[in-house]
Structures are given as C-alpha cells and as structure tokens.
Amino acid sequence: MVAKEDPVDILAHDTNVYFTVEEERRVLRQIDLRVLPLMLGAYFLQQLDKSSLSYTSVFNIQKDAGLHGRQYSWLGSILYIAQLVMQPLGALLLVKLPTGKVISTAVFLWGVTMCGMAGCRNFKELLATRFLLGSFESLIGPSLVAVTQMWWRRSEQTNRTSAWNAMNGITSVFGSLSTYGLGHIKSDKLHSYQIIFLYCGGLTLIFSVFSFIFFPDSPMEAKFWKENERDIAIERLRANQTGIVSRKWRWEHVWEAILDLKTWCWFFLVMAISIPSGGIGTFGPLIVQSFGFNQFKTILFNIPFGVVNIIAILGGGWLATRIKSKGVIIAILALPCIVGAAILLGLPRGPNSKGPLLLAYYLTSFLSGITPLIYSWHVQNTAGDTKRKVTTGIVFIGMCAGNIIGPLLYSAEDKPYYRKGLISNLAMFCFVEVLVGFIILYLKFLNKRHSHMRSAIGKSAIIHDESMMRKTDLQNLGKGVNQQATPREEDNAFADMTDLKNEDFIYVY
C-alpha cells in the first residue's frame with residue numbers, strides 16, 4: 001500500500017509554492033486546532049488507563065483480587081512486556097496503514113479491554129487483560145511520534161511532543177481527583193478497582209468515536225484544507241529533510257537503523273529513564289502511603305506530583321526549543337531526580353520527615369520531562385520513512401524494557417524504604433547524564449562528516465538548518481519566505497532518503 005498522494009506528486013504541478021508568513025501561520029493554526037487536540041486526547045486516555053492500576057493499589061486491589069508477593073509488580077510489568085512484543089508489528093502497521101485509522105482502532109480496542117478488566121477477580125484474569133491492554137496501547141506512542149513528524153517542522157516538534165506528553169501530568173491530577181471520588185462509592189457487587197476500571201474504559205470508548213470521525217491520516221489526505229493550504233502544509237516541511245510518509249517498506253532502511261550507533265544510544269537513554277519511571281509510576285502511591293498517610297490523603301498528595309510533571313514536560317520542551325538543544329535540557333532535568341532519589345534513600349520514615357520526603361518524591365517527578373525530549377530528539381535526527389518507524393520501534397522497545405524492569409525492582413515487602421528500587425533509580429539518573437554527553441559529541445561528529453560529503457560533491461560545506469528556524473528567522477538571514485536554498489532537482493527533502501545517506505541532513509543536539 002502506498003500513500004494516496006505523494007508529496008512530490010502534489011507539488012509537481014507548481015515548481016514553486018509561494019506563501020507568506022501569515023499564510024503559514026494560518027495553516028499552522030489549522031493543524032494545531034484540528035490534529036493536536038486528538039493527539040492530546042489519545043495520549044491522555046492511554047496514560048489514564050494504564051496508570052489506573054496504581055490508583056487501585058491504594059484502594060486495596062491486592063486484597064480484593066487476592067494478590068500476593070510480586071504479583072502486583074507483575075501486573076505493572078506485563079503491560080510493557082506486551083508493548084515490547086508488539087513493537088515490530090506496530091512499526092510495520094505504521095508504515096503500511098493510515099495512521100489516523102490505526103490510532104482510532106487502537107483506542108477503541110483498549111477501551112473495550114479496560115471495561116473487560118472490571119470483570120477480573122484474580123491475578124490470572126488481571127494479567128491476561130493487562131497484556132491485551134498493553135498490546136493495543138503499544139501503537140499510540142510510536143503513532144504520535146510519527147504524526148508529530150508528519151505535520152510539524154522540526155523547530156515546532158519539541159513543543160508539540162511536550163504537549164501530548166504533558167497529558168501524563170494531567171492524567172495524574174485528573175486520575176487522582178477522579179479516583180478520590182470513585183473511592184467513596186460503596187457497592188455490594190463491585191470492588192473499588194472494578195468501578196475505576198469501568199470509568200476509565202467508558203471514557204476511552206466515547207473518545208474513540210470522535211477519533212474515528214476526525215483524526216486525519218496525513219497532510220495529503222486531510223479533508224479540512226481550503227484553497228492552497230494543503231500545498232503550504234507540505235512545502236513548509238521541506239526543510240526537515242526527513243520526508244513525510246511513503247507507506248513503502250524498505251529493507252535497506254531497516255538494516256541501516258539496526259546498524260546505526262545513534263539508534264542504540266536512543267535505546268539505552270530511554271531505557272535508563274524508563275526504569276525509574278516504571279518503578280515510581282507503579283509504586284508511587286505506595287511510596288507516598290509509606291510516609292504515613294491514609295489512602296485518601298495518599299491520592300491527594302499524588303496531585304502535586306502530576307503538577308510537577310506538567311511543569312517539567314512543558315518547561316523542558318520550551319527551553320529546548322528556545323536554546324535549540326535537547327541534550328543540555330535532559331541533563332538539567334536529571335539533576336533534581338538525582339537529588340530526590342538521594343533524599344528518599346537517606347531520610348528516615350517518621351512524622352517529622354513527611355514534608356521533606358514529599359518534596360524529594362516530587363523532585364523525582366522531573367524525570368517525566370526527559371522522555372518527550374528523547375522522543376523528539378531521536379525523530380529529528382532520523383530520516384527515511386521506514387528507518388524512522390523502525391528506529392522509533394526500537395526506542396519504544398527500550399522504553400518498554402525499562403518499564404518492565406522498573407516495577408520488578410520494587411516490592412511491597414520492601415516498604416517503607418524501597419531501598420533496592422531507589423538505589424537502582426539513582427544509578428539510572430546518573431547514567432543518563434553520562435550518555436547524553438556522549439550523544440552530543442557523536443552528533444557533532446556526524447555533522448562534520450556531512451559537511452565533508454557536501455564539499456566532495458561541490459555543495460557548500462556550511463548550510464543553515466532552516467527546519468529549526470521560523471520564517472521570520474529566514475527573513476532576517478536575507479531569504480524570502482518562498483526562497484528555496486537548494487534547487488529542487490538537487491533537493492532530497494521528499495526523496496525518502498535516510499539521514500546517513502542525505503548529505504543535506506543536519507543533526508540537532
């Protein structure tokens with residue numbers, strides 16, 4: 001299957017697509033109003049549904065479902081085992097099938113699964129449905145990464161990626177408030193965890209209807225364009241040098257992705273941050289409860305954790321865009337995480353330590369700002385449709401692996417200190433700092449190599465990365481908003497070339 005219309009074919013009727021700054025702003029507003037809200041909704045519900053397990057832990061799911069030992073930990077990990085197993089299939093589906101339809105179908109199926117979880121009454125049934133939940137949710141993260149690359153310029157992608165990742169924090173606030181209310185419902189037929197699962201599943205099914213109706217598959221196939229807006233939406237992505245969508249599976253891209261050192265840097269970076277994310281995400285409410293709070297206060301004190309999530313994600317994305325560097329911001333965000341984990345390890349539990357312990361717990365929440373930066377960082381440094389989807393799949397395998405390992409490093413039997421889990425988290429935060437430094441140096445090396453490649457074929461060795469500039473910035477450089485730096489016959493922007501093969505590709509730090 002190929003895209004209904006290729007961007008090169010669409011623009012072939014006009015050798016130059018002219019548009020002003022105002023026209024581009026109008027198109028960007030259209031995209032932000034038509035596409036971004038659907039992305040926010042899908043990611044919000046994915047986070048709400050998968051994190052519902054941590055809310056039910058405070059309302060005695062262990063007792064009501066007869067869980068013992070590490071069975072609760074396995075319920076947290078099994079979701080990511082499913083996501084890991086499904087990543088290869090997900091990468092293939094995202095290349096072959098319309099992205100909007102893939103997302104909408106996945107939302108519907110995991111909504112059905114969430115409602116089905118309300119009927120589970122023991123570990124085996126919960127384990128099976130959590131595996132199904134993870135299988136369907138596995139498509140959302142890679143899909144949204146693909147959608148972000150497909151609709152926005154590289155200079156715009158970080159803030160949009162941060163926006164949909166910020167739903168993680170919104171979920172924490174909304175989920176805590178919702179479960180606080182749902183926890184007060186008394187029923188002779190349903191346990192609290194069953195009520196929570198039904199509530200989350202019902203919201204998801206309602207949203208899936210809107211997603212099927214309104215989620216576009218690509219800029220070429222969207223139905224809401226007026227006049228020449230579609231041409232502008234495509235042409236403005238030319239500077240990305242990453243292509244848009246091809247729906248052609250290229251095996252040479254697969255092998256390059258596997259052999260590319262960058263791919264494994266992203267893999268280990270996201271796995272390193274996902275280990276503490278998975279552990280704290282699953283055991284966070286239990287960690288707070290170990291400070292000496294009852295179940296309802298525990299839920300309420302989890303709300304600031306979500307607020308810090310939002311600040312870290314949106315603030316990190318804004319700063320990274322402002323200074324045009326993701327690596328530096330990732331390194332900065334890891335620092336409060338190191339401090340928080342160290343305090344949680346060092347402070348004794350008791351009435352006089354509740355405040356400092358809560359502060360330390362909230363500091364670890366800055367880890368949430370790192371993951372979206374990794375998502376946007378890797379996709380901005382990878383070109384070629386198949387290579388990008390495969391690389392994203394490998395990155396999400398790393399994320400899944402980390403989230404599988406993370407909860408298993410914690411155990412309810414280790415309370416109140418959870419020492420093994422927190423020590424491993426501290427080690428991972430430190431590893432992130434080291435790896436980020438290496439990645440920055442390697443990307444600088446690749447840019448120098450591309451500069452030599454351009455010189456060898458008679459092109460200018462030094463070129464400006466227009467994809468990281470606004471049109472007003474290009475005007476300040478003396479270029480018109482419609483002026484193309486490279487003659488179209490020499491331009492590789494929509495040629496579906498990989499970043500390593502395309503000498504015009506510029507890596508961003």
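Q: How far does helix α16 reach from its first C-alpha to its last?
A: Keep in mind that this is a predicted model. Helix α16 covers residues 303–323, and its 21 residues reach 30 Å from the first C-alpha to the last. That is close to the 30 Å expected at 1.5 Å a residue.

Q: Ok, and which residues of α16 are buried?
A: Among them are Ile303, Phe305, Gly306, Val308, Asn309 and Ile310. Further along α16, Ala312, Ile313, Gly316, Gly317 and Ala320 are buried as well.

Q: What follows α16?
A: Lys324 does, and its phi is positive, near 55 degrees.

Q: How do α10 and α16 cross?
A: Their axes come within 7 Å and cross at roughly 165 degrees, with α10 being residues 167–182. Angles over 145 degrees count as roughly antiparallel, so α10 is roughly antiparallel to α16. The crossing is left-handed.

Q: Which residues make that contact?
A: From α10 you have Asn168, Gly169, Ile170, Ser172, Val173, Ser176 and Leu177. From α16 you have Ile303, Phe305, Gly306, Val307, Asn309, Ile310 and Ile313.

Q: What span should α10 have at 1.5 Å a residue?
A: Its 16 residues should span 22 Å, and the end C-alpha atoms are 21 Å apart, which agrees.

Q: Which parts of α10 are buried, and what do they pack against?
A: The buried ones include Met167, Gly169, Thr171, Ser172 and Val173. Gly175, Ser176, Ser178, Thr179 and Leu182 are buried too. The buried residues of α10 pack against α3 (36–58), α9 (154–165), α11 (192–214), α15 (295–301) and α16.

Q: What about Cys337, buried or exposed?
A: Cys337 counts as buried, because its relative accessibility is 0% and the cut-off for buried is under 20%.

Q: And where does Cys430 fall, with 37%?
A: Cys430 is partly exposed at that relative accessible area, because 37% lies between the 20% and 50% cut-offs.

Q: Zooming out, how many helices and strands does the chain have?
A: There are 22 helices and zero strands.

Q: How much of the chain is buried?
A: Buried residues make up 60% of the 509 residues.

Q: Last one: how many of the contacts join residues at least 24 apart?
A: If you take contacts between residues at least 6 apart in sequence, 86% of them join residues at least 24 apart.

Conventions:
Residues are numbered from 1 along each chain as its sequence is written. This is a predicted model: local features need pLDDT of at least 70, side-chain atom pairs count only at pLDDT 80 or more; totals for chains, interfaces and linings use all residues. Side-chain values use heavy atoms; hydrogens and water are left out. Helices (H or I, at least four residues) and strands (E, at least two) are DSSP runs, numbered from the N terminus. The expected span of a helix is 1.5 Å times one less than its number of residues. Buried means under 20% relative accessible area, exposed over 50%, partly exposed in between (1.4 Å probe, protein chains only). Axes are lines fitted to C-alpha atoms, for helices over the stretch in contact, and angles run from 0 to 180 degrees between N-to-C directions. Angles under 35 degrees count as roughly parallel, over 145 as roughly antiparallel, 65 to 115 as roughly perpendicular and the rest as oblique. A crossing is left-handed if the near helix is turned anticlockwise from the far one by less than a right angle, and right-handed if clockwise. Contact means heavy atoms within 4.5 Å.
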